[in-house]
Amino acid sequence: MSATRRAAVLGSPIAHSLSPVLHRAAYAELGLEDWVYDRFEVDEAALPGFFETLGPEWAGLSLTMPLKRAVIPLLDEVSSTAEAVEAVNTVVLTADGRRLGDNTDIPGMVAALRERGVWQVERASVLGAGATASSALAALSRICTGEVTAYVRSEARAEEMRGWGERLGITVRTAAWEDAAAAFEAPLTIATTPAGTTDALAAAVPDRPGTLFDVLYEPWPTALATAWADRGGAVVGGLDLLVHQAVLQVEQMTGRSPAPLAAMRKAGEVALAAR
């Protein structure tokens, strides 16, 4: 089968990526029968070579770790959003052969929060200091009017987060991970840590919590998200983020808008339930 248009997600490891499920659901809903979306195991060393194989049928690429920074030198143009956090998760391949890089994680976070009624907060907390934490700070720079407190495990990470704050124009205060329970005093807490890291904090969720954005989607729900919901707090999950950033990717790659958010989310839920 020779497809008219192609797109794919690249990364390493990539086998468990939900991106094909989400993008294919969008194509089906939009009636794009001549579009296909695949996944390829590609590491940093193999990335330049992969780009050389791309023909005119290719419309775009989704990138996960460890490629979000490695791809930048291979691009003709990088959006200000992606440049702000030095991370590209979306490449659009134009008809004239240009490679355009963007980051849909950041507006995807904002959109996921707005869907749950969080348009603006006066302060916020971030748990963790990895790559997702910098995207969280970039998202908060759009919706948080006051200080952000980042809870981290080392002074080196603390310095990194303060540096990102300066770069993004947002005030970042850092605190020790041992004091992370204090994060829940803010109206919005964004958890960016790996699976299991926040489990011990579940018992510290207050009686009347604000909003939790936990970027994990597998396993789900996390112990923290469960405790949060049990106490009546609003919870935004990793699937919400994944779907909203994928919606923006579909719109950029296909030129069709709006992408079918509900159909994409449903496909993601079904796929996760089957695992």
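Visitor: What is the relative accessible area of R116?

Guide: The model is predicted: local features need pLDDT of at least 70, side-chain atom pairs count only at pLDDT 80 or more, and totals for chains, interfaces and linings use all residues. Residues are numbered from 1 along each chain as its sequence is written, and side-chain values use heavy atoms, with hydrogens and water left out. Buried means under 20% relative accessible area, exposed over 50%, and partly exposed in between, with a 1.4 Å probe and protein chains only. R116 is partly exposed, and its relative accessible area is 39%.

Visitor: Which residue meets R116 in a salt bridge?

Guide: A salt bridge here is a side-chain nitrogen of Lys or Arg within 4 Å of a carboxyl oxygen of Asp or Glu. The side chain of R116 has such a partner at 3.0 Å, N to O, and the partner is D240.

Visitor: How far apart in the chain are D240 and R116?

Guide: Their salt bridge spans 3.0 Å, N to O. It links distant parts of the chain, with D240 in helix α9 (residues 238-254) and R116 in the loop between α5 and β7 (124-127). Helices (H or I, at least four residues) and strands (E, at least two) are DSSP runs, numbered from the N terminus. The separation of D240 and R116 is 124 residues.

Visitor: Which parts does the salt bridge of E115 and R265 tie together?

Guide: The side chains of E115 and R265 meet at 2.8 Å, N to O. The two residues are 150 apart in sequence, so the pair ties together helix α5 (residues 105-115), which holds E115, and helix α10 (residues 261-273), which holds R265. E115 is partly exposed at 34% relative accessible area, whereas R265 is buried at 16%. The parts tied together are α5 and α10.

Visitor: Which residues are linked in a network of salt bridges?

Guide: Side chains of opposite charge can pair when their charged atoms come close. The network links E115, R116, D240 and R265.

Visitor: How many salt bridges are found in the whole structure?

Guide: Among them is the pair R157 and E160, at 3.5 Å, N to O. Both of these residues lie in helix α7 (residues 155-168), 3 residues apart, about one turn of the helix. R157 is partly exposed at 38%, and E160 is partly exposed at 40%. The search of the whole structure gives a total of 13.

Visitor: At what angle do α9 and α10 pack?

Guide: Axes are lines fitted to C-alpha atoms, for helices over the stretch in contact, and angles run from 0 to 180 degrees between N-to-C directions. Angles under 35 degrees count as roughly parallel, over 145 as roughly antiparallel, 65 to 115 as roughly perpendicular and the rest as oblique. On that scale α9 and α10 are oblique to each other. Their axes are 10 Å apart, and the angle is about 135 degrees.

Visitor: How many nonpolar, polar and charged residues has the contact of α9 with α10?

Guide: Contact means heavy atoms within 4.5 Å. The residues in contact include D240 of α9 and R265 of α10. Ala, Val, Leu, Ile, Met, Phe, Trp, Tyr, Cys and Pro count as nonpolar, Asp, Glu, Lys and Arg as charged, and the others, Gly among them, as polar. The contact has 8 nonpolar, 2 polar and 3 charged residues.

Visitor: At what angle do the axes of α1 and α9 cross?

Guide: Helix α1 (residues 19-30) and α9 have axes that come within 10 Å. The two helices are oblique to each other, and the angle is roughly 55 degrees.

Visitor: Which residues does S135 touch?

Guide: S135 is found in helix α6 (residues 131-143) and is buried, at 7% relative accessibility. Not counting residues up to four places away in sequence, S135 touches V85, N103, D105, I106 and M109.

Visitor: What separates the C-alpha atoms of R173 and Y151?

Guide: R173 lies in strand β9 (residues 172-176) and is partly exposed, with a relative accessible area of 39%. Leaving aside neighbours within four places in sequence, R173 is in contact with residues including Y151. R173 and Y151 are 22 residues apart along the chain, and their C-alpha separation is 8.8 Å.
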